[in-house]
Amino acid sequence: MGSLVTIAHCFSITMSNLTLAGSLLVVSAALLWILTTRSQNRPPLPPGPPADPIIGHLRMLPVEHSDIFFYELSKTYGKVAHLQIPGRTMIILNSAQAAIDLLDKKSGIYSDRAPSDVFKLMGWEHNSGFLPYGKRFHSHRKMLNEYFSHEKCADYLPFQTLEARRLVQNLFNNPERFNDHLNRFSTAIILRIDYGHEIVSDDDPYLKITADVGYCLTHCVPPGSNLVDLLPIMKYLPSWFPGTFPATQARSYKPIVDLLHDYPMQDVKKQMAEGTAKDSFLLTHIEGRQREGSDYPYSVDDVKGGSGVIFSAGADTTWSSISIFMLAMILYPEAQQQAQKEIDELLGPDRLPEFGDRPNLPYLECVLQETYRWNNAVPTGISLHLYLFQHYELICLQGIPHRSMEDDVYNGMFIPKGSIIVANTRGMTLDEDVYKDPHTFDPSRYLRGEPRPVGQYGFGRRICPGRYLADSSVWIALGSILSAFRLCPITGSDGKSIIPQEDFLSGITNHPKPFECMIIPRNEKARGIVEH
């Protein structure tokens with residue numbers, strides 16, 4: 001009898017297992033049918049090149065100048081293309097209209113960032129550029145927009161004018177160090193507005209912090225597709241374990257990034273105690289927190305993060321844009337001559353440009369817009385670098401692309417939720433359907449009706465909050481340099497001009513490779529303006 005009970009019990013268990021297995025089989029089949037049906041019903045991904053199994057397009061991605069690689073893709077696969085890398089779908093936008101349609105008009109679903117444990121380890125977790133889309137991101141944007149609105153930036157114009165005069169004076173005194181002077185000009189403006197700090201010497205501690213943080217940003221393994229970001233558990237593994245290099249490197253850079261956030265806060269508080277603090281972004285929020293306490297809408301970390309993103313991001317692109325302009329003036333002297341003719345006719349020989357002159361200098365405005373278009377300081381918002389580390393091939397995203405938060409369809413093409421969206425502004429500015437002879441620096445194209453470039457300061461809800469300040473800084477620098485100096489190539493020992501190459505360093509920003517030039521006061525009256 002006991003044996004029969006045992007047999008019956010075993011039979012019951014077997015039947016239960018069979019029932020469970022059958023149920024799982026039915027559920028799995030249903031899910032497979034749903035996924036297959038959805039796949040069949042949804043539109044295809046944007047076109048793209050054939051991919052390898054498992055690794056997708058990883059082997060195709062270039063070591064540098066990914067903006068040109070993306071642009072070349074558009075010639076074969078269209079202005080909206082896709083690439084696959086492990087764990088990611090990348091949507092490449094080489095069309096200004098596509099970027100506007102998606103990142104501007106549908107910004108509610110295209111404003112996210114891919115999470116990055118690496119950048120959190122480095123100390124950037126309070127930086128608005130890396131925050132995921134949500135309540136805290138909105139808070140940070142509000143904090144920055146309040147200080148960099150179009151109306152607020154009008155208050156900074158006198159200081160920008162003063163720094164442009166100092167730039168001209170420095171170029172007159174030491175023209176061979178023009179690159180240092182351009183860097184100092186752009187950095188001085190940011191430091192004054194962000195921290196109320198004025199640069200008085202080349203060994204200024206803020207310049208050292210700027211240089212160190214810049215090194216971190218250009219040598220780090222950035223967010224998105226390194227192994228630590230793809231497999232966050234790796235950040236807990238020892239440094240000798242293959243693939244953990246991004247986390248190890250991030251920890252080594254953290255003291256530098258922390259100094260960026262902590263030193264100015266301590267310095268401004270010290271100045272407040274001494275009664276010497278000048279009006280600045282940081283002073284405004286320190287005083288706000290002291291006045292309102294816990295009712296203040298921004299935490300200490302918010303304030304540090306906000307001031308840090310201004311400091312780290314504000315100077316480099318301005319410096320790069322002015323460097324690109326100077327290279328263009330040497331390579332295209334006819335554009336320089338036409339701009340100087342317009343300036344002379346309006347201003348005469350007695351003064352340098354003021355911001356009030358901007359509406360009356362249309363060709364100078366065209367030179368500015370063509371500088372943005374010809375070689376944009378941020379050509380993609382993403383540069384691709386392949387790192388080989390202990391047999392692991394990593395693709396690293398420099399710059400910060402957008403990420404889609406929902407499935408979407410654009411012009412019959414499917415864009416999956418979680419896709420990395422790359423707005424390739426370089427591809428947009430080389431679009432032959434929009435620009436005639438796009439590789440040529442030709443400011444007159446805008447007088448003929450070609451559209452001004454878009455995207456040099458980003459798109460949608462991630463657009464640069466400091467764009468008005470940056471644009472004004474670049475304009476006053478361009479106008480002042482053209483008014484006071486003639487830019488020429490240097491002369492070799494054989495008496496022939498040495499024309500610099502149109503060649504650029506590939507990184508977060510698009511800097512011309514080092515080049516030499518002659519910076520000559522245009523005449524004795526111009527020399528007098530500089531000396532005055």
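Asn 411 sits in the loop that links strand E6 (408-410) to strand E7 (413-415). In this predicted model, the phi angle of Asn 411 is positive, at about 50°, although the residue is not a glycine. With a relative accessibility of 62%, Asn 411 counts as exposed, because the cut-off for that class is over 50%.

A second residue with a positive phi is Ile 54, where the angle is near 70°, again in a residue other than glycine. Ile 54 is found in the loop between helix H1 (2-41) and helix H2 (66-77). Its relative accessibility is 81%, so Ile 54 counts as exposed.

The secondary structure of the protein comprises 19 helices and 14 strands. The protein has 532 residues, of which 50% count as buried. Its accessible surface amounts to about 24600 Å², and carbon and sulfur atoms contribute 57% of that area. Among contacts in the protein with a separation of 6 or more, 72% are made by residues 24 or more positions apart.

Two helix pairs show how parts of the chain meet. Helix H12 (residues 281-292) and helix H13 (residues 300-314) have axes that come within 10 Å and cross at roughly 175°. H12 is therefore roughly antiparallel to H13, since angles over 145 degrees fall in that class. On the H12 side, the contact is made by Phe 281, Leu 282, His 285 and Arg 289, and on the H13 side by Val 300, Val 303, Gly 306, Ser 307 and Ile 310. Sorted by class, the residues of this contact between H12 and H13 are five nonpolar, three polar and one charged.

The other pair is formed by H15 and H18, whose axes come within 9 Å and cross at roughly 90°. H15 and H18 are therefore roughly perpendicular to each other, as angles of 65 to 115 degrees are classed that way. The residues of the contact of H15 with H18 divide into three nonpolar and four polar, with no charged residues.

Helix H15 (residues 333-347) includes Pro 333. This proline has a relative accessibility of 34% and so counts as partly exposed, the class between the cut-offs of 20% and 50%. Pro 333 and Arg 486 are 153 residues apart along the chain, yet their C-alpha atoms are separated by 9.3 Å.

The unreviewed UniProt entry places the feature "binding site" at Cys 464. This cysteine belongs to the loop between helix H17 (425-429) and helix H18 (467-484), and H18 is one of the helices in the perpendicular pair described above. Cys 464 has a relative accessibility of 29%, so this residue counts as partly exposed. Partly exposed is also the class of Pro 333, whereas Asn 411 and Ile 54 count as exposed.

Key:
Residues are numbered from 1 along each chain as its sequence is written. This is a predicted model: local features need pLDDT of at least 70, side-chain atom pairs count only at pLDDT 80 or more; totals for chains, interfaces and linings use all residues. Side-chain values use heavy atoms; hydrogens and water are left out. UniProt positions are given in the numbering used here, feature names are shortened, and annotations may be inferred rather than shown by experiment. Helices (H or I, at least four residues) and strands (E, at least two) are DSSP runs, numbered from the N terminus. Buried means under 20% relative accessible area, exposed over 50%, partly exposed in between (1.4 Å probe, protein chains only). Contact means heavy atoms within 4.5 Å. Accessible areas come from the Shrake-Rupley method with a 1.4 Å probe; for residues, only the protein chains shown count as cover. Axes are lines fitted to C-alpha atoms, for helices over the stretch in contact, and angles run from 0 to 180 degrees between N-to-C directions. Angles under 35 degrees count as roughly parallel, over 145 as roughly antiparallel, 65 to 115 as roughly perpendicular and the rest as oblique. Ala, Val, Leu, Ile, Met, Phe, Trp, Tyr, Cys and Pro count as nonpolar, Asp, Glu, Lys and Arg as charged, and the others, Gly among them, as polar.
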